[in-house]
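Open the model in your viewer and keep the selection tool at hand.

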Amino acid sequence: MLKIIPERLRQGHRTGPYPKKDPVLPERFQGLPVLDPALCREGCRSCVQACPYDAITVDAGTPALDLGKCTFCGGCAAACEDGAVTFTRDWRLASRTREGLVVRPGERPRVEALDRRLKKMFGRSLKLRQVSAGGCNACEADLNVLSTLVFDLGRFGIQFVASPRHADGIVVTGPVTAHMQSALLDTWAAMPQPRLVIASGACAIGGGPFRGSPETNSGVGDLLPVDLYIPGCPPHPYTVLDGLLGMLDRLPAQRRRSAD
Amino acid sequence: MTGHDVDRVVVRNGGCVPLASLPPVPWSVFADAMLGDVAAGARVAAYFGTPVPAPFAPDAMLDLFAVLARDDLGELRLLRTRVGERFPSLASRCPQVQMFEREIGEQYGVVAEGHPWFKPVRGHRSWRDGADAWGRNPDVPLVPGEIDYYRVEGDEVHEVAVGPVHAGIIEPGHFRFQCHGETVLHLEIALGYQHRGVERMMTGSDADGTRARQLVETVAGDTTIGHATAHALVREALAGVAAPARAAALRSVALELERLANHVGDIGGLATDVGFLPTSAFCGRIRGDYLNVTAELCGNRFGRGMVRPGGVGFDAEPAVRERILKRMAAIDRDTRGAIRLFFGTPSVLARLEGTGVLTPATARELGLVGVAARACGLAMDTRAQHPPRGEAIGVDQIAVAPDGDVHARGRVRQREIESSLARVKETLAGLPAGTIHTPLPAAAAGSLAVALVEGWRGEIVHVAVTDAGGDIARYKIVDPSFHNWSGLAMALRGEQISDFPLINKSFNLSYCGFDL
């Protein structure tokens, strides 16, 4: 006991100031992409060719990047000699709709708040059940980290629970392997309604690197109605937190405006 | 054949041989060599099949390849034989091949005759159309986890089934305990829920391909650097070039950061499971600090994109290096404080000591690797015994603890944390000058390349076999968890079922790394 107290004092208070203050992400962090068609060379498709997942397309000279297929490898930005594709350090990537993940010049994904009824139910207390369905344990690890004292998910009334019976929503990671499909659907069926579905990570949204594997689905979207998509490989904990808080309408007004 | 010595093909880690120099030997020669070498102290690092002629024709023969690691000599002996629909099982004489034989049986629909425990491994269909080692109806869907479990019968004996979905943010797996009261008589672990088909997707893949790189990075996402490094070494071996010295040093930094993050997280996990909250809270946070250092290096907390065939994707320029070293100094202090507190608390030690004991004999027999093996007193570490290039640590630096219990597995991690901290600082301080990437020439055709990396859980093995055009015909991945899940099952025998979470955490094995 006497040894614990000084160590406790030395380790100090470490909960981050988010969401009052913006987090500082590493310089090399690859977040929200910015597309500038003015810099595109006519007929150039080097960014399209660089992506193995067809995440980036160029239609009539206008590029579009689907964050649901993107693994944020930066390959398209590296392939573009003209700087028309760049990745910023902006961690706010989540969307309530699948279509909202497609970034076009001057656009960004945004998280609409739940409707009034659901916000009243879940806004101050959201219990989530996580199911890993072929996740590589990176998405899982960075969801686990939300419960550490740095992010301290509990202070927002959000908690990961053990039983689907206690859950208001399910957080799915992984492309949904054939072998996990029935267990995932059983878990979903065991949850009381209304219930939310959150697809976290490139695999759960679009299959990630496993897109097209005969052993997996290409994400949870074909099996369950998704309420929140959180891109990333894996999503940064702040990306997850931003998506969850945005959905619950818990972000400070100033933050919501700055995202516009 | 003039004698067995003619058949002896030996490479070092990162070696590549033309398949022509490794012709199939008769089964008896193959089996004698395998059993003889294992008796002399070798480990079966990899054992897998590849169909001839490729690919996957229904009437194909099967070439079996084995990689036998001699840790004392730093050598990898390669063996090859050719079999048909059945091959004799060696598992009862050499238990460490039991899972490999089941895997070969499942993947190619061949039978390991006389296998004492011949069951599916991951629950997928065979890769050869129509072939099934268990003669199952192809029209009836396979249900994962539905296998004949070993059962103990008797008054007051009961069975506990857990999973695949567990009570937490954990990967799926199914555990079947045979219990008498609180005491576990036997535990059987059924996996395969995370099976994504990685090995098959690697067939025909490009060295420079983003997808191949990301497939290996996500074999086990917490071991991104370990698997990516093994993949890069295999590609470099096939191309006949080595990554530049600066890239090798940066890979080593990233690998040790990965070890630090996970080992610190595991000690935090042990603290959580024994209810020692200070270290639980400290380590949960400190683990993230190490991930953030990795993100300073390459932008991603798990090291995605850092290791690439031919070198690394990101350099540590002086400014980056300074920033990392400065951060490391603070994290170093926090790490040591949190761990010292943990191992200095008698009530904690009382929970760790004598819990989940494995004997060295069992560990050797099962072919355990990594932390789990070293905690049974077995001095094995790829970094010391099979270093890929010039980066060796001394054999005397292998962190060994003798007792084989949860405490020993924790102590091995503690020592490795200390040595990894020093290694990161030294390597960064003495970073060789030069480039960080070299382009790879075309891969050698008709060849086999093998690479070993000491990931944080233990030895990672990648083997690639190329066809006549130099394309990948077979890509074999052995995650340390492939060996070590059997160790967890054995460690549970005679323990209380309530100690399962603690013992499980002390191994902390990968589901997706096993399931591939």
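Start where the two chains meet, and keep in mind that this is a predicted model. Across the interface of chain B and chain A, 26 residue pairs are in polar contact, both partners at pLDDT 80 or more.

Now colour the helices of chain B. Select H7(B) next. With 12 residues, H7(B) gives the most to that side of chain B. Colour the side of chain B that touches chain A by residue class: 27 residues are nonpolar, 17 polar and 17 charged.

Next, show both sides together. Here 61 residues of chain B are in contact with 55 residues of chain A. The area buried between the two chains is about 4,600 Å², and carbon and sulfur atoms give 57% of it.

How many salt bridges cross the interface of chain B and chain A? The rule finds six. For one salt bridge, select B:Asp334 and A:Arg14: their side chains meet at 3.1 Å, N to O.

**Into the cores**

Hide the interface and go inside. The largest nonpolar core has 165 residues. Those with the most contacts inside this core are B:Met34, B:Tyr47, B:Tyr290, B:Met306 and B:Phe342. Helix H6 (residues 245-273) of chain B gives the most to this core, with 13 residues. In soluble globular proteins, nonpolar side chains tend to be buried together.

Centre on B:Met34. Which residues is B:Met34 in contact with, leaving aside its neighbours within four places in sequence? They are B:Val44, B:Tyr47, B:Ala66, B:Leu68, B:Leu79, B:Leu90 and B:Val97.

Then move to a second, separate core of 39 residues. To find this core, select A:Ile56, A:Cys76, A:Leu184 and A:Tyr229, which are among its members.

**An enclosed helix**

Last stop: helix H8 of chain A, residues 237-247. Why is H8(A) described as largely enclosed by the rest of the structure? Because 11 of its 11 residues are buried. The buried residues include A:Pro237, A:Tyr238, A:Asp242 and A:Met247.

Now display what covers the buried residues of H8(A). The cover includes helix H5 (138-144) of chain A. Strands of chain A also take part, including E6 (126-132), E7 (158-160), E9 (196-200) and E10 (228-230).

Finish just after H8(A), at A:Asp249. This residue takes a positive phi of about 60°.

Key: Residues numbered from 1 in each chain as written. Chains lettered and ligands numbered in written order. Predicted model: local features only at pLDDT ≥ 70, side-chain atom pairs only at ≥ 80, totals over all residues. Heavy atoms only, no water. Core = buried A, V, L, I, M, F, W, Y, C linked by side-chain atoms within 4.5 Å. Buried < 20%, exposed > 50% of the residue type's maximum accessible area, 1.4 Å probe, protein only. Helix = DSSP H or I, 4+ residues; strand = E, 2+ residues; numbered from the N terminus. Contact = heavy atoms within 4.5 Å. Buried area = accessible area lost by both parts, 1.4 Å probe. Salt bridge = Lys/Arg side-chain N within 4 Å of Asp/Glu carboxyl O. Polar contact = N/O pair within 3.5 Å; in protein donor to acceptor, adjacent residues only side chain to side chain. Nonpolar A, V, L, I, M, F, W, Y, C, P; charged D, E, K, R; others polar.
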